[in-house]
Amino acid sequence: MSERAQAAPGRRTVMGAGAAVVGAAALGVTGTARAAEKNAGTSAGHGAGHRLDLPVPTVIGHRGTSGYRPEHTLGSYQLALDMGAHIIEQDLVPTRDGHLVCRHENDITATTDVADHPEFASRRTTKTVDGTALTGWFTEDFTLAELKTLRAKERIPGNRQKNTLYDGRWEVPTFEEVLRWADREGRRRSKPVWLYVETKHPTYFRGLGLGLEEPLAKLLRRYGRHRAQSPLILQSFEPSSVQRLSKLVATPRIVLLSGAGSRPWDFVATGDPRTTDDLIRPAGLKWMASYAHGIGPTLDLIIPKDASGRLTEPTTLVRDAHAQGLVLHPYTMRNENTFLPAEFRRGTDPNAYGDAFGAFAAYFATGIDGIFSDNPDTALLAAADFAGK
């Protein structure tokens, strides 16, 4: 039986740096992670490893259940938990007064009803965030009290018309509110609720005096999620943010990777010439394994698509990352035709569901350790199908 076939739901997935095989044994903790564990007051030391009570393949509720509810709302998170998602994602951005709130972007034009509030009309502005000019309303221009007067709405109503039924139902949650919710639900269910937390645009916000890592670490300590065995994973598209977090807490960490040829914004800001292409080579993977426990690549880095949008041959990234002891949690699977590889689309309606199960099977067959999905119920069935083969 292959290693992947042995890793059925219910088995633990192991995260750590420096091991040749993922999932075979508890892995050692290296470098800054050991120092962070010591600073965090944990008992984990050299060789103790990071063992996560998460099935493989791990199903990650992307922004909650954004295929069914407006993303990053307590309603979206709750449905993901009720559906059985193994871990639920939050993206963090700051308010003007330094509170961390859950939004995919600091531009809240598309995800809230801010445009319907005449009292905030003058806040509409144009900013350059990570090299891209954006016009709209931004969280860093609002206090938390002001942001709480807004309500969340569906980000892509053209694709997900049914989700607009829930527009206005939920407010923008703070990360502390999510931590409290997770603790309540964990007590009710007698098992921890896992969270997957991303720092968004950390270099940009640090330049505004609104650094993300320190207040995030403070909250993790307050709620006991700062240890190596805590039910939480940290992630960022900026390696320097992951490195900074590794010195503050022992919580497991993931480096997110954009498409081929792209550069992390902190690399752009500091003049680091490396691209994603460099990071997914063995030397780059070894470097990331020195401070992180896994990577979150775009699915196209696992299996590229051709000009027609069909899947081609898998790359060696899964094998190469596992050789460095890194787990892989690629993003993002969605059920709608418009988001699926061309061979899995069904019919002519871009917003109708295609053969998502076929696409999941193709990705799981590469040996990935988990996947982000807007539709956790579909992902869970696909993972069960894969484990049963």
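In this predicted model, the largest nonpolar core holds 42 residues, and those touching the most other members are Phe175, Trp181, Leu195, Val197, Leu216 and Leu234. The element that gives the most to this core is helix 5 (residues 175-189), with 5 residues. Apart from it lies another core of 38 residues, including Val255, Leu285, Ala289 and Phe364. When residues up to four places away in sequence are not counted, Leu234 touches Val197, Leu216, Leu220, Leu245, Val249, Thr251, Pro252, Arg253 and Ile254.

The chain has 389 residues, of which 57% are buried. Its secondary structure comes to 15 helices and 13 strands. Of the contacts between residues at least 6 apart in sequence, 68% join residues at least 24 apart. The accessible surface is about 15300 Å², and carbon and sulfur atoms account for 52% of this area.

A search of the whole structure finds 10 aromatic pairs. One of them, formed by Tyr166 and Trp170, is stacked, with 6.0 Å centre to centre and 20° between the planes. The pair of Phe267 and Trp287 is tilted, because the planes stand at 55°; the ring centres are 6.2 Å apart. Phe267 belongs to helix 9 (residues 265-270) and Trp287 to helix 11 (residues 282-289), so this pair ties together parts that are 20 residues apart in sequence. Phe267 is buried, at 4% relative accessibility, whereas Trp287 is partly exposed, at 25% relative accessible area. Ring pairs also link Phe267 and Trp287 with Tyr291 in a cluster.

Charged side chains also lie over rings. Arg69 is placed over the face of Tyr166, 4.1 Å from the ring centre. The charged end of Arg334 sits over the ring of Phe339, at 5.1 Å from its centre.

Definitions and conventions:
Residues numbered from 1 in each chain as written. Predicted model: local features only at pLDDT ≥ 70, side-chain atom pairs only at ≥ 80, totals over all residues. Heavy atoms only, no water. Core = buried A, V, L, I, M, F, W, Y, C linked by side-chain atoms within 4.5 Å. Buried < 20%, exposed > 50% of the residue type's maximum accessible area, 1.4 Å probe, protein only. Helix = DSSP H or I, 4+ residues; strand = E, 2+ residues; numbered from the N terminus. Contact = heavy atoms within 4.5 Å. Areas by Shrake-Rupley, 256 points an atom, 1.4 Å probe, with all protein chains shown as cover. Phe/Tyr/Trp six-rings, centres within 6.5 Å; stacked < 30°, edge-to-face > 60°. Lys NZ or Arg CZ within 6 Å of the ring centre and 35° of its normal.
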